[in-house]
Amino acid sequence: MKILVLSALELPYTIGARYTGLERLAYQFAEQFALLGHQVTLMAHKDTPPTKNISLLPCDGYENGETTHAELRAFLNYQREFYNFDAIWDITHLHLPARFMNLPFINIFHANPEYAFKLGYVKAPYNLVSWSKWGIREIAKYYKRGQPTQNGGQKAVYQETIMVDPEVYKPSGIRGNRFLTIGRMSSEKGNLNAAILCKELGLEIDIAGGRGSEVKSGAPPTEYEQAIIRICDGKQIIYHGEVSDEEKISLMQNCKALLYMTDYVEITSHKVQEAMLCGAPVIVPNRGGIPEIVSHEIDGFLCSTEQDYVMAIQNINKLDPVKTREQLAYKYNPKIVAEGYINLLQRVVKGERW
């Protein structure tokens, strides 16, 4: 097949890049589709380097406008190109392919549908793919034929989210004494919550994370970042800032557990999946799609209250995340995940719509 992969446009993805979540996934999927023998083109930030297997449709990023503006420009610039492909894999925010009803798109719904609805992101009225079964139910609640609804609406199908190379994300055999919280430095990601709890309990914790697209390069620390910096003492609580892939994997491999106290109801969580592949037990919220990827009291604890988090921390040594790693390593294997999407794309090429 001739496949077009549509990336988000926040940042270019380069090998070893820091904090490019959706761009990274688009690039990884494009690579895997190519390895499976397909002819692949990637619509992405203009500074994303093409490989020998992938062609690039270059786009200006968010530096020249907000998310919606950048994506709208890209679609307008390349809309004629869409007709040259057998199938199109879309991970953008707006799903502007909704305008092209007769084209074989699949549209990845990567955020909580309620939040996307409140932001006014109009989603495609067909071929939606969710990364959790919880997300499928929420999509039906908020969307119908591209319009919001409270009475049940748009159907979506479930596919695996993330590609994790089990030979890269693997246990080190060493569990340290420091907890880890990692994620974008904003209130909904919960890094400050985790730091405060560890400070109260006298526990050591490492904090790592990017600034996010809403913070311009070179801008002074936000109030949230300042609060993180103030609570860190360089010993009990250490803020590493934005880390490379290698540093992130090392932190996950050697932490006592991932402590993820987000206030944001998520459709899934890549960091949780990656940490579990690295052999780290996880302490996570019992909300959204996260309960679908964590086996409670085996490789992690699902928490609903602060007391749940305290109890989980106190009992973390009772967990054995290795028990589920083999299953997860197969489930998130890049080739297996890519084949699942190829099967879905082939259905769409044959005319299937949902």
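Because the model is predicted, local features need pLDDT of at least 70 and side-chain atom pairs count only at pLDDT 80 or more, while totals for chains, interfaces and linings use all residues. Residues are numbered from 1 along each chain as its sequence is written, and side-chain values use heavy atoms, with hydrogens and water left out.

## Overall make-up

The protein contains 11 helices and 15 strands. Helices (H or I, at least four residues) and strands (E, at least two) are DSSP runs, numbered from the N terminus. Of its 354 residues, 55% count as buried. Buried means under 20% relative accessible area, exposed over 50%, and partly exposed in between, with a 1.4 Å probe and protein chains only. The accessible surface of the protein is about 15600 Å², and 49% of it belongs to carbon and sulfur atoms. Such areas come from the Shrake-Rupley method with a 1.4 Å probe; for residues, only the protein chains shown count as cover. Among contacts between residues at least 6 apart in sequence, 65% join residues at least 24 apart. A contact here means heavy atoms within 4.5 Å.

## The nonpolar cores

In soluble globular proteins, nonpolar side chains tend to be buried together. A nonpolar core is a set of buried Ala, Val, Leu, Ile, Met, Phe, Trp, Tyr and Cys residues joined through side-chain atoms within 4.5 Å. The largest one has 90 residues, of which Phe 33, Trp 89, Ile 106 and Tyr 341 touch the most other members. Helix α1 (residues 21-35) supplies the largest share of this core, eight residues. Apart from this core lies another, of 27 residues, including Ala 194, Ala 195, Ala 257 and Tyr 309.

Not counting residues up to four places away in sequence, the contacts of Phe 33 include Trp 89, Tyr 341, Ile 3 and Val 5. Leu 22 lies in helix α1 and is buried, with a relative accessible area of 17%. Leaving aside neighbours within four places in sequence, Leu 22 is in contact with Ala 8, Ile 91, His 93, His 110 and Trp 131. The C-alpha atoms of Leu 22 and Leu 9 are separated by 8.7 Å, and the two residues are 13 apart along the chain.

## Strand β4 and its partners

Trp 89 belongs to strand β4 (residues 87-90), where Ala 87 and Trp 89 point one way and Ile 88 and Asp 90 the other way; all are buried. Two strands pair if DSSP finds at least two bridges between them. Strand β1 (residues 2-6) runs parallel to β4 and is joined to it by four bridges, with Leu 4 having Ile 88 as its bridge partner. Three bridges join β4 to strand β5 (residues 105-109), also in parallel, and Trp 89 has Ile 106 as its partner there.

## A six-stranded sheet

Another set of six strands forms an open sheet in the order β12-β11-β10-β13-β14-β15, with parallel pairing. Strands β12 (237-241) and β15 stand at the edges, each with a single partner strand, so one side of each has no neighbour in the sheet. The twist averages 25° from one strand to the next. Two bridges pair β13 with β14, and Leu 259 stands opposite Ile 283 in β14.

| Helix | Strands touched | Angle |
|---|---|---|
| α7 (residues 245-254) | β10, β11 (205-208), β12 | about 140° with β10 |
| α8 (residues 270-277) | β10, β13, β14 | about 160° with β14 |

In helix α9 (residues 306-314), Tyr 309, Val 310, Ala 312 and Ile 313 are buried. They cover an arc of only 160° around the axis, which puts them on the same side of α9; the arc is that of the directions from the helix axis to the C-beta atoms. The buried residues of α9 pack against β10 (179-182), α5 (191-201), β13 (257-259), β14 (282-285) and β15 (300-303).

## Two residues with positive phi

Most residues other than glycine have a negative phi. Asn 127 has a positive phi of about 55° although it is not a glycine. Asn 127 is in the loop between α3 (113-118) and β6 (128-130) and counts as buried, at 0% relative accessibility. Glu 297, also not a glycine, has a positive phi of about 65°. Glu 297 lies in the loop between β14 and β15 and counts as exposed, at 53% relative accessibility.

Key. Axes fitted to C-alpha atoms, helices over the stretch in contact; angles between N-to-C directions.
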